[in-house]
Amino acid sequence: MNSAKGAQANAPLLKVGMLGAGVVGGQVARLLVEQNNDLAARSGSQLALVAISVKDLKKPRPDLIHRGVSVTSDGASIVNDPQIDIIIEVMGGIEPARSLILQALKNGKSVVTANKALLAQHGAELYEAAADNGVDIYFEAAVAGAIPIIRPLRESLAGDQVKRVIGIVNGTTNYILSKMAASGASFESALKEAQALGYAEADPTADVEGFDAAAKAAILASLAFHSRVTAADVYREGISDVTADIVRIANEMNHVVKLLAIAQLTNDGRISVRVHPALLPKEHPLASVRDAFNAVFVEAKSAGELMFYGRGAGGEPTASAILGDLVAVARHRALGGLGPKESTYAERSIAPMGETLTRYLIRLNVNDRPGVLASVAQVFAAHSVSIQTVRQDGSDEQAELIVVTHAAVDAALSATVDHLRKLDVVRSVETVIRVEGGAN
Ligand code: HSE
């Protein structure tokens, strides 16, 4: 990328400080040098990375030193340096990232961050500090890595009414579920494979139990519905209870199992926001999103259905989103103007999970005797849950019943399951999983 060589030799200089120098930060540093002329031509400023804060100063970083960047373990010295104009935060975690970003904003520096956990917990405070100080906070890399989805929701769809956002926003879990579907592997062995390949962390809790996806769901829901949504508002279930059996049954029924982040408007205008595994019909566009890829499917009143697909993690893809944000905030420095502020005017409230309409697949092991199906059906009726399909397999005295329901409030569906567990003719409730993306 040298076509802009020399074109911006006289462009004003903007100094950039970076908090964190891990997989993503290393790629940002490299690309900032390699693409410097183009970035200058596009942003109207020479962008120079002048300082980086790292956790471990002893770790050799020949690349960074070679480029004349000062490396420190003192992040505060970067955010308080009056010479530095823009801060990139790629350290992750809540503290000290929160305090450093707030200080940077207070000091009049625009901030580009990839920190979804921080935004989902303390977004309001960060937006407010940016607005109070007349600077930008940009965060395209916080949700789904390289995939442009923040800017489409904040800007491109600002004239539309978003109804629903469904995302596969965690690559680790999508990789695990894809392996389970492709090879019949158990959750445990697919997780080990994901760890061996470097997708899953040694402690995989944040990914596997849906915390990472829940933070992203909160960010997407806030933007889609112009209301404040935090990670605590998100109903969350992970994938550690998804068995090879569930994946096999899904396949037999022409579905796949995916960990979905769903943000939608309820019929009465509240926000339902949740992360849980669900069966998705194979013909749904998200069903073909495999391995560590991410995608976000948006349903809007006028635009209709949109899908954003790509790499949701990894150093270079995430760096792409960060550099895009860097160019945007640098343009504002050169030409004036600011990016969008927090938009919460709609002030929609959050619908509890129990009041959200969902559909369930319930697999039961029952005695195979006359009247059993009728007793089971009666339980569904007692909770006003309508059955869509029933499949029965089995031999001897036992049968397996697979019931798929129509949409009902989640509390009624879970009460149905509790009731079924107590029914004499039901030997066991083997599987309970939600179903999304089809007809209700
Ligand atoms: N750990 C995340 C994933 C990437 O597996 O998708 C960063 O959010």
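The crossing of α5 and α6 is right-handed, meaning that the near helix is turned clockwise from the far one by less than a right angle. Before going further, note that this is a predicted model, where local features need pLDDT of at least 70, side-chain atom pairs count only at pLDDT 80 or more, and totals for chains, interfaces and linings use all residues. Residues are numbered from 1 along each chain as its sequence is written, and side-chain values use heavy atoms, with hydrogens and water left out.

**Helices α5 and α6**

- The axes of α5 and helix α6 (residues 116-132) come within 10 Å and cross at roughly 15 degrees; axes are lines fitted to C-alpha atoms, for helices over the stretch in contact, and angles run from 0 to 180 degrees between N-to-C directions.
- That is why α5 and α6 count as roughly parallel to each other, a label for angles under 35 degrees.
- On the α5 side, the contact (heavy atoms within 4.5 Å) involves Ala 97, Arg 98, Ile 101, Leu 102 and Leu 105.
- Facing them from α6 are Leu 118, His 122, Glu 125, Leu 126, Ala 129 and Ala 130.
- Sorted by class, the contact of α5 with α6 has 8 nonpolar, 1 polar and 2 charged residues; Ala, Val, Leu, Ile, Met, Phe, Trp, Tyr, Cys and Pro count as nonpolar, Asp, Glu, Lys and Arg as charged, and the others, Gly among them, as polar.

**Helices α2 and α13**

- Helix α2 (residues 36-43) packs against helix α13 (residues 315-335) at about 45 degrees, with the axes 8 Å apart.
- That makes α2 oblique to α13, and their crossing is right-handed.
- Leu 39, Arg 42 and Ser 43 of α2 touch Leu 323, Val 327, Ala 330, Arg 331 and Ala 334 of α13.
- This contact of α2 with α13 brings in 5 nonpolar, 1 polar and 2 charged residues.
- With its 21 residues, α13 reaches 30 Å from first C-alpha to last, close to the 30 Å expected (1.5 Å times one less than the number of residues).
- Just after α13 comes Gly 336, with a positive phi of about 90 degrees.

**Loops worth a look**

- Asp 291, in the loop between β10 (271-281) and β11 (293-300), has a positive phi near 55 degrees despite not being glycine.

**Domains**

- The chain splits into domain 1 (3-145 + 316-335), domain 2 (150-311) and domain 3 (353-435), with bounds from an automatic or database domain assignment.
- Taken over C-alpha atoms, the centres of domain 1 and domain 3 are 53 Å apart.

Note on methods
Helices (H or I, at least four residues) and strands (E, at least two) are DSSP runs, numbered from the N terminus. Angles under 35 degrees count as roughly parallel, over 145 as roughly antiparallel, 65 to 115 as roughly perpendicular and the rest as oblique.
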